[in-house]
Amino acid sequence: MRLSRRGLLRAGLATTAATALGGLATGCGVPTGSTGRNMVLWYWSGGLSPKVVQDAKTRYDSAVNLQAIQIGGYYRSKLMTTMTGRAHVPDIAGLKGEDMASYLPNSDQFVDLRTLGADKLKDQYLPWKWDQGIAEDGSMVGFPIDCGPVAHYYQPAVFQKAGLAYEPEDVSKELATWDQFFAAGEQLKKRIPGTFILTDALSVFGISVNQTTKRYVDKDRHFIGDQEHVRTAWDRAVEATRRGLVSKIINGTADNTSATERGLLPSQLNASWAAGDIKLNVPKTKGKWRVAACPGGPSNIGGSFLAITKACREPEKAFEMITWMLDADNQAQGFVDSVLFPSTPASYAMKKLREPDAFFGNQITMDVFGPAAEKIPVAFNSPYDIALSTPINDELRNFSILGKDEKQAWKDAMSKCRRIADHLGVSY
């Protein structure tokens with residue numbers, strides 16, 4: 001089975017955590033970039049709309065030869081290695097959202113997009129997304145591509161059979177809180193034995209943390225992963241597991257596909273881009289899904305940026321290309337092609353994004369995703385967040401999958417976080 005975007009995201013997170021101490025080279029001269037008419041763009045599979053990339057090549061052909069290269073494997077590590085080596089550095093580089101905080105301290109390796117007129121376009125983008133591309137010194141490193149508002153994907157026929165609300169508006173209203181969602185999960189498994197409302201506990205934890213205005217390290221470089229917002233998210237994931245609401249079937253397996261097709265896994269909480277994964281992995285369920293609001297409020301997973309490196313010899317032209325590729329019309333195309341949810345609110349009202357989706361029972365899913373994207377809580381993203389969240393996720397997995405004692409798992413997670421914080425120079 002093809003690796004889902006969630007799998008790719010987790011792979012990227014693991015790489016980031018492992019290389020958290022390895023920043024880009026600073027204080028060095030301008031790297032060797034493209035030559036002649038060539039302008040090189042690095043991104044990853046699914047990172048941009050293929051049609052928009054091709055249209056950009058055609059549109060700017062008289063000025064530059066755009067060479068758009070999809071980089072496989074651990075993208076961030078390859079980009080960092082190339083920039084540190086100061087050779088064959090791309091003019092334009094995609095920056096994954098989960099890695100963004102680790103690029104910002106090295107803002108001197110990128111062109112400040114404000115110097116090219118970016119501020120004039122600010123009002124066209126989601127404010128919280130725009131701010132994620134701004135470094136501490138005020139320079140703008142990343143220009144927004146997409147975001148990943150979270151929603152509740154569910155199978156209405158199964159919910160109706162279990163006596164639950166099943167129309168999207170009713171599900172959004174009656175399962176609006178985590179308590180209501182968990183109660184629905186208990187009713188579901190009672191009425192239809194063998195069913196689960198959740199596919200894994202870690203999604204509850206991650207989504208819950210992202211529903212707050214804090215993460216793991218604050219602006220003063222203090223570890224805050226032991227505070228109430230993280231502990232509440234942890235306790236919520238523990239509760240879901242103890243109440244038997246979480247399936248033990250591993251995501252991405254044939255068993256998972258079979259259970260989903262049979263209606264035993266009729267629900268999942270995931271980002272907008274997961275719609276593509278569902279369509280790809282369980283095509284036989286076409287028409288059997290709907291989309292409702294995420295319990296507990298808006299949350300975001302993923303979403304990326306484009307940046308111009310100091311290697312670029314024509315930053316003005318590169319900026320012109322970036323802003324055209326990522327305007328409202330082309331971001332709408334990105335959603336149609338690659339389920340890249342637009343960071344441009346003007347896209348949400350466009351006809352092409354308001355077409356009924358047959359896979360989701362002809363629902364106009366933008367009515368759910370659009371409002372969520374505009375209400376994502378703003379939180380400070382530290383370059384150390386991933387390194388310090390990894391032990392917590394690992395220990396939660398040890399509890400939910402391997403049966404480790406919950407109190408010991410939390411204690412061990414905090415112990416590991418303290419060691420990592422000491423290593424990173426983060427106080428606690």
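Q: Which residues do ring pairs link into a cluster here?
A: In this predicted model, ring pairs join Tyr153, Phe335, Phe341, Tyr348, Phe359, Phe360 and Phe369 into a cluster. Rings of Phe, Tyr and Trp (its six-membered ring) pair if their centres lie within 6.5 Å, and planes under 30 degrees apart count as stacked, over 60 as edge-to-face and the rest as tilted.

Q: And how many aromatic pairs in the whole structure?
A: The search finds 18 aromatic pairs. One of them is formed by Phe359 and Phe360, which are edge-to-face at 5.4 Å centre to centre, with 65 degrees between the planes.

Q: Are Phe359 and Phe360 buried or exposed?
A: Phe359 and Phe360 are both buried, where buried means under 20% relative accessible area, exposed over 50%, and partly exposed in between (1.4 Å probe, protein chains only).

Q: What ground rules sit behind these values?
A: Residues are numbered from 1 along each chain as its sequence is written, and side-chain values use heavy atoms, with hydrogens and water left out. Because the model is predicted, local features need pLDDT of at least 70 and side-chain atom pairs count only at pLDDT 80 or more, while totals for chains, interfaces and linings use all residues.

Q: Changing topic, which ring does Lys129 lie over?
A: Lys129 lies over the face of Phe305, at 4.0 Å from the ring centre, and Arg76 lies over the face of Tyr103, at 5.9 Å from the ring centre. A charge sits over a ring if NZ of Lys or CZ of Arg is within 6 Å of the ring centre and within 35 degrees of the ring normal.

Q: OK, how many salt bridges?
A: The count comes to 15 salt bridges, taking a salt bridge as a side-chain nitrogen of Lys or Arg within 4 Å of a carboxyl oxygen of Asp or Glu.

Q: Where do Asp55 and Lys51 lie?
A: Both lie in helix H2 (residues 50-59), 4 residues apart, about one turn of the helix; helices (H or I, at least four residues) and strands (E, at least two) are DSSP runs, numbered from the N terminus. Asp55 and Lys51 form a salt bridge whose closest N and O atoms are 2.8 Å apart.

Q: What about Arg354, which residue does its side chain meet in a salt bridge?
A: Arg354 meets Asp367 (2.8 Å, N to O). This pair links distant parts of the chain, with Arg354 in the loop between strand E10 (341-342) and helix H15 (366-373), and Asp367 in helix H15, 13 residues apart. Arg354 counts as partly exposed at 31% relative accessibility, and Asp367 counts as partly exposed at 44%.
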